Amino acid sequence: NKILCPVDIFTNYIDKNNNYTHINQRYRYKRVITFIGRLSKEKNVHLLIDAFKELKAYGMELTLNIVGDCKVSERNKYIVDDENIKYYGQLSYESIKQVLYNTDFLIQPSYTEGIPFSIIESMSMGIPCIYSNINGSEDIITHSKTGFLFNLNGYDIVKDVIDSWSVYKQVDKYHNINVENLKQCVIYAYSKGITEWKKMSHQCRNYIESTFTKSTVIKRNINKL
């Protein structure tokens, strides 16, 4: 944002005491993708549902898990009648882990984020992520190595604007294009063989262990003081 004064970034961390167990070895895809988060505008749930419908029309047999809830008044916006979409509402931490153990990819098409804990926690379990290439996610995910990033058209115009929700207006101009971008990203992710997926899974785990564990992060943050 063209800020001229010195800037230090202090990173948050995951606590290994929470027992982020790596997923078991897999020999085939589960054909399941999972969204975790609030059902709200900034999470771009509409884009996800529209892209999922396009994937079904394309012939991909997938299940979409949606973990999270929304205001009662907004449920008609985000909850659709589709036998391949499973809505879990709010879940406990342990229940979310069980959902992730049976997931191929975490999928989050957000308009805007900080450092998404959903990514860090999923990758710590060895679950690669499919995410919009926005600030925050692209700092963690390396495309085709620890996950997949799809282009959120319109985002570049406003990504450096501080405290502005104009991102909605800009990105929504390209809704149909972004639906196709996300669809193609999912197709590309599943084009990878299970052997390559397992390699990505271990790379996810190793990256989080070396970057976002408590002892590593605290030492790095203290050195900046």
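Lys 41 comes out as partly exposed, with a relative accessible area of 32%; here buried means under 20%, exposed over 50%, and partly exposed in between, with a 1.4 Å probe and protein chains only. Asp 172 is also partly exposed, at 32%. The two form a salt bridge, with the closest N and O atoms 2.9 Å apart (a side-chain nitrogen of Lys or Arg within 4 Å of a carboxyl oxygen of Asp or Glu). This pair ties together distant parts of the chain: Asp 172 sits in helix H7 (residues 166-172) and Lys 41 in the loop between S1 and helix H1 (45-58), 131 residues apart. Helices (H or I, at least four residues) and strands (E, at least two) are DSSP runs, numbered from the N terminus.

The model is a predicted one, so local features need pLDDT of at least 70 and side-chain atom pairs count only at pLDDT 80 or more, while totals for chains, interfaces and linings use all residues. Residues are numbered from 1 along each chain as its sequence is written, and side-chain values use heavy atoms, with hydrogens and water left out.

The structure holds 10 salt bridges. Another of them joins Glu 113 and Lys 43 at 2.8 Å, N to O. Lys 43 counts as buried, at 9% relative accessibility. Arg 205 and Glu 209 pair up as well, at 3.4 Å between the closest N and O atoms; both lie in helix H9, 4 residues apart, or about one turn of the helix.

As for cysteines, the disulfide count comes to 0, taking a disulfide as a pair of cysteine sulfur atoms within 2.5 Å. Cys 129 is in no disulfide, and the nearest cysteine sulfur, that of Cys 204, is 6.3 Å away. Cys 129 is buried, at 0% relative accessibility, whereas Cys 5 is partly exposed at 49%.

Phe 10 lies in the segment before strand S1 (32-36) and is partly exposed, at 42% relative accessibility. Together with Ile 218, Ile 222 and Leu 225, Phe 10 forms a nonpolar surface patch with about 430 Å² of accessible area. Patches take residues with over 30% relative accessible area and no salt bridge, joining like charges within 9 Å and nonpolar side chains (Val, Leu, Ile, Met, Phe, Trp, Tyr) within 5 Å. Areas come from the Shrake-Rupley method with a 1.4 Å probe, and for residues only the protein chains shown count as cover.
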